[in-house]
Amino acid sequence: MKDNFVGKLFVFSAPSGSGKTTIVRHLLKQEKFNLEFSISATSRDPRGDERNGIDYYFISLKEFKNHIKTDHFLEWEEVYRDNFYGTLKTEVERIWAQKKHVIFDIDVAGGLRIKKKFPNETLSVFVKPPSVDELKIRLKKRKTESEEKINMRIAKASIELATAPQFDKIIKNYDLEVALKEAESLMSDFLELKE
Ligand code: 5GP
């Protein structure tokens, strides 16, 4: 089956707190999708129990800027002030070499850039939260960011929500179980898997 493997890219983008990470983690557990997570590089500090080389490649701002200069990124963004995030070209190469499809948990601008670079191979999905107020509640519950950082994320969310129509598909994450099923169904369709 894997001999005529054609690598695909699955982009899940959304404002912070929309639940896209939960959706991506769920999809990664489904063997039938044959997925591997694209580990982004970031200049921000690790949070909670995040591990280097698993959740992110945590690198210094200096290293990050060097990668930009040497054109090592497929896409990168200064998602928040002085917090850089990017997908290294070697990530996609690493995953396709394993004959697996790539799944990304990245911001809206980065997601659209990947789609533009690989239009036929990419399914871009926007995960929509019920409302900006609900986002605020979720981010507060998560207790991983300061009040100031939460406000920064909320301010960005309104701008990000406006980009939803540019994505191939939109999943409304109002009820997690429903959203997970919808995500699975989109994946199956794109990979042309028989149910
Ligand atoms: P967090 O700090 O919560 O892990 O991530 C902040 C935002 O940056 C999230 O929207 C996350 O999806 C996004 N992000 C993570 N990795 C990348 C990446 O490689 N490129 C881009 N453009 N955004 C990313």
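Strand S5 gives 4 residues to the shell around the ligand, the largest share; strands here are DSSP runs of type E with at least two residues, numbered from the N terminus. The model is predicted, so local features need pLDDT of at least 70 and side-chain atom pairs pLDDT 80 or more, while totals for chains, interfaces and linings use all residues. Residues are numbered from 1 along each chain as its sequence is written, and side-chain values use heavy atoms, with hydrogens and water left out.

In total, 17 residues surround the ligand, each with a heavy atom within 4 Å of it. Ser-40, Arg-44, Tyr-56, Glu-75 and Tyr-85 are the closest. Sorted by class, the shell holds 8 charged, 5 nonpolar and 4 polar residues; Asp, Glu, Lys and Arg count as charged, Ala, Val, Leu, Ile, Met, Phe, Trp, Tyr, Cys and Pro as nonpolar, and the others, Gly among them, as polar.

Now for the polar contacts, meaning pairs of N or O atoms within 3.5 Å. Arg-44 puts a polar side-chain atom 2.7 Å from a ligand oxygen, and a side-chain N or O atom of Asp-107 lies 2.8 Å from a ligand nitrogen. The protein covers 95% of the 510 Å² of accessible area that the ligand has on its own, by the Shrake-Rupley method with a 1.4 Å probe.

As for location, the ligand sits in the largest pocket, with more than half of its atoms within 2 Å of the grid points. A pocket is an open set of points on a 1 Å grid over the protein atoms alone, where a 1.4 Å probe fits and protein lies on both sides within 12 Å along at least five of seven lines.

Notes:
Polar contact = N/O pair within 3.5 Å; in protein donor to acceptor, adjacent residues only side chain to side chain. 1 Å grid on protein atoms, 1.4 Å probe; cavity = no way out; pocket = protein on both sides within 12 Å on 5 of 7 lines; lining within 4 Å.
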